[in-house]
Amino acid sequence: MTNNSSNSLVKLMLMLLAFPFFAQKMEAQQLSLRDAFQDKFLIGTAINMWQVRQGGEKMHNLIKSQYSAIVAENCMKAEAVQPIENIFNFKDGDDLVEFARKNNQVVTGHCLIWHSQTPTWFFNNDKGVQVDRETMIDRMRKHIYTVVGHFKGKVKGWDVVNEAIEGDGSLRRSNFYNIIGEDYIRLAFQFAHEADPDAELYYNDYSMDNPAKREAVIKLIRDLKAHGLRIDAIGMQSHLGLDSNLKQYEQSIEAYAKEGVKVMATELEVSVLPWPSDQQTAEISTNFAYQETLNPFKNGITAEMQAKQDKFMVELFKIYKKHSKDITRITFWGVSDGDSWKNDFPVKGRTDYPLPFGRNLEAKPWVKKIID
Ligand code: XIL
């Protein structure tokens, strides 16, 4: 063999060897949730500050190529932005907004009034005694005016009130409810609108497929509208499991849309792990003791379980597509399985697989399926 022909043979062999690598790379580049759904709705993800600052190039490229919307997983909550009365901290939120701006992504503010992750100073005076209604209203107004005012023009819309309704449809007896009374919800929407008349305003909650909750949310929408207040959309958190009732879920989308508001899935993930009781919830204080039987996939998900999730996600996205004229955004609660809160909720230390991308940022089989 001449030198020339052996060189060409080596080149050919190298090309053949490299082909799968390039094919995979090309596919990864083409596979974009953001692009695939751009005419239907925004596709979002919740991100934390580690991802913003230390996530690295691969993570950043993924967030940029896959998502058209961003929400802060924690850094815009009351305990983060106003940990001490009148001491506001917007460094993390500003960095997150800047990250999204560079990626040309829409930012949602999460969240203004919520019974969780709100510092205790909010409800008490300096002697630790609960404040009166007027003080509480003043604190709520100040918080909302300052936070919404700070992000004015940078955040498209706010989860104004989060999780105000219980599973039986009654209003949660939160400190806001107990101190102010049921008009705290109206006041929160009023203050948010006064602070930024251009911002969209949302009510956000979990278990939104539950019929009792659905009815209560409809009542809430009507009440806000009857008082001349702005409400643009209902956020269905969508912390789902493979046994979630998609029929009821779809009925809620239809029912909210019928009230003349848009609908969004705001915290979507689909857990593959068993729920330890018969009452599913996303109330963050819920906690069950760890047991090995509750953590069946710690060394990897089985093909059978992955296939179940694939099927569920395809069904779910058929529903989203069918109702796309009423749906403005589908946001996943996290980027990859490794950083999902579900690994620690409602049982600490499990290994869950609830998101579109796995621990090495590889796309799940269903991602390609829903794009197709
Ligand atoms: C969760 C975050 O993902 C966790 O990092 C944090 O420790 C607790 O809160 N409903 C909501 C979200 O509205 O803000 C919650 O996020 C999950 C349930």
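C111 is buried, at a relative accessible area of 2%, where buried means under 20%, exposed over 50% and partly exposed in between, with a 1.4 Å probe and protein chains only. The model is a predicted one, with local features requiring pLDDT of at least 70 and side-chain atom pairs counting only at pLDDT 80 or more, while totals for chains, interfaces and linings use all residues. Residues are numbered from 1 along each chain as its sequence is written, and side-chain values rest on heavy atoms, with hydrogens and water left out.

C75 is buried too, with a relative accessible area of 9%. The count of disulfides (pairs of cysteine sulfur atoms within 2.5 Å) comes out at zero. For C111, the closest cysteine sulfur is that of C75, and at 11 Å it is too far away for a bond.

As for polar contacts (N or O pairs within 3.5 Å), a polar side-chain atom of K77 sits 2.8 Å from a ligand oxygen. For N162, the corresponding distance to an oxygen atom of the ligand is 2.9 Å, and for a side-chain N or O atom of Q237 it is 3.3 Å. Taken alone, the ligand exposes 420 Å², and the protein buries 84% of that, with areas from the Shrake-Rupley method and a 1.4 Å probe.

Note on methods: Polar contact = N/O pair within 3.5 Å; in protein donor to acceptor, adjacent residues only side chain to side chain.
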